[in-house]
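Reader: Please show me the structure, and then I will ask how each label was reached.

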Amino acid sequence: MKYKAIIFDLDGVLVHTDKYHYQAWKVIADKAKIPFDETVNNRLRGVSRMESLDIILSYSDRRFSEDEKIAMSEEKNEHYKTLLKNLLPQSVSAETVKTLDELHTMGLRLAIGSSSKNANYILQKTEISHFFDAVVSGLDITKTKPSPEVFLKAAERLNMAPKDCLVVEDAHAGVEAAVAGGFDCAGMGDAYSSDLVTYQINNISELCSILKLL
Ligand code: BG6
Ligand code: MG
């Protein structure tokens, strides 16, 4: 087989927490009277919480102090965590669970490479932790995507070289991170049309058929 492991981004790839990130940031942006829509939100995919806030604030004429920024990011995370309480095992699509199961049966090792500090909570709420041999989250890294750190750490924990791992991403920053680390990358959602992706997928269920053809 061409790859021995698959490293998944979490938000927007396995679980649709990307919509919760958007809703939580929208509350903060509306309060500060900053224009914020899905197009701006796409720029936040894969990017850390504080860097996301800086992108949102770049659409304001006002300057915000460090204390204000910390308060805003904390408030966003409180809204986000309240929304995450809605997560259930059924929040992961049956197709996604079937794919993870099939990849595992094919002998591939599976890992998570997420910028989110809430990744472990999400995996726990959706009850999919058991699929993964390694979980690298925002709590384990010093630089978020587009730095390759998160994926390099996941490969290291799997004891694999980047060339033996395929990264699955929905964010441009994530695709850049994968390529910078020497990984091939399957792009879906917002990253589907990235020039840097090795495979374009509409849904993660397409992974099994792609891998079987290689
Ligand atoms: C990434 C999301 O997975 O995690 C980003 O795509 C988010 O939108 C980042 O900003 C950090 O998440 P958290 O949960 O640590 O605020
Ligand atoms: Mg994502």
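Author: This is a predicted model. Its largest pocket has a volume of about 640 Å³. The lining has 36 residues, and those closest to the pocket centre are Val47, Ser48, Arg49, Ser115 and Ser116.

Reader: Which helices each supply at least two residues of that lining?

Author: They are helix 1 (18-31), helix 3 (49-57) and helix 4 (66-84). The largest share, 6 residues, comes from helix 4.

Reader: What makes Asp9, Asp11 and Asp170 the residues that coordinate the magnesium ion (ligand 2)?

Author: A donor is an N, O or S atom within 2.8 Å of this metal. Asp9 (OD), Asp11 (O) and Asp170 (OD) lie at 2.0 to 2.1 Å, so they count as donors. Water is not among the atoms, so the site may look incomplete.

Reader: What spacing do the donors of the magnesium ion (ligand 2) follow along the chain?

Author: The spacing is D-x1-D-x158-D. As for accessibility, both Asp9 and Asp11 are buried.

Reader: How many aromatic pairs are there by the rule used?

Author: The count comes to 5 aromatic pairs. One of them is formed by Phe131 and Phe132, with 6.5 Å centre to centre and 70° between the planes.

Reader: Why is the pair of Phe131 and Phe132 called edge-to-face?

Author: Ring centres must lie within 6.5 Å to pair, and planes over 60 degrees apart count as edge-to-face. The planes of Phe131 and Phe132 are at 70°, so the label is edge-to-face. Phe131 has 7% relative accessibility and Phe132 has 10%; buried means under 20%, so each counts as buried. Ring pairs also link Phe8 with Phe131 and Phe132 in a cluster.

Reader: Why are Phe151 and Phe183 given the edge-to-face label?

Author: Their ring centres are 6.2 Å apart and their planes stand at 65°, so the pair is edge-to-face. Phe151 belongs to helix 7 (residues 149-158), whereas Phe183 is in the loop between helix 8 (172-180) and strand 5 (184-187), so the contact ties together parts that are 32 residues apart in sequence. Relative accessibility is 0% for Phe151 and 4% for Phe183, and both count as buried because the limit is under 20%.

Reader: How do you know that the charged end of Arg62 sits over the ring of Phe64?

Author: The rule asks for CZ of Arg or NZ of Lys within 6 Å of the ring centre and within 35 degrees of the ring normal. The charged end of Arg62 is 4.1 Å from the centre of the Phe64 ring. Lys76 lies over the face of Tyr80, at 4.5 Å from the ring centre.

Reader: Why is Val179 called partly exposed?

Author: Val179 is in helix 8. At 37% relative accessibility it counts as partly exposed, because the value falls between the buried limit of 20% and the exposed limit of 50%.

Notes. Residues numbered from 1 in each chain as written. Chains lettered and ligands numbered in written order. Predicted model: local features only at pLDDT ≥ 70, side-chain atom pairs only at ≥ 80, totals over all residues. Heavy atoms only, no water. Donors = N, O, S within 2.8 Å, 3.2 Å for Na, K, Ca; no water. Buried < 20%, exposed > 50% of the residue type's maximum accessible area, 1.4 Å probe, protein only. Phe/Tyr/Trp six-rings, centres within 6.5 Å; stacked < 30°, edge-to-face > 60°. Helix = DSSP H or I, 4+ residues; strand = E, 2+ residues; numbered from the N terminus. 1 Å grid on protein atoms, 1.4 Å probe; cavity = no way out; pocket = protein on both sides within 12 Å on 5 of 7 lines; lining within 4 Å. Points joined across faces, edges and corners; volume = space filled by probe spheres on them.
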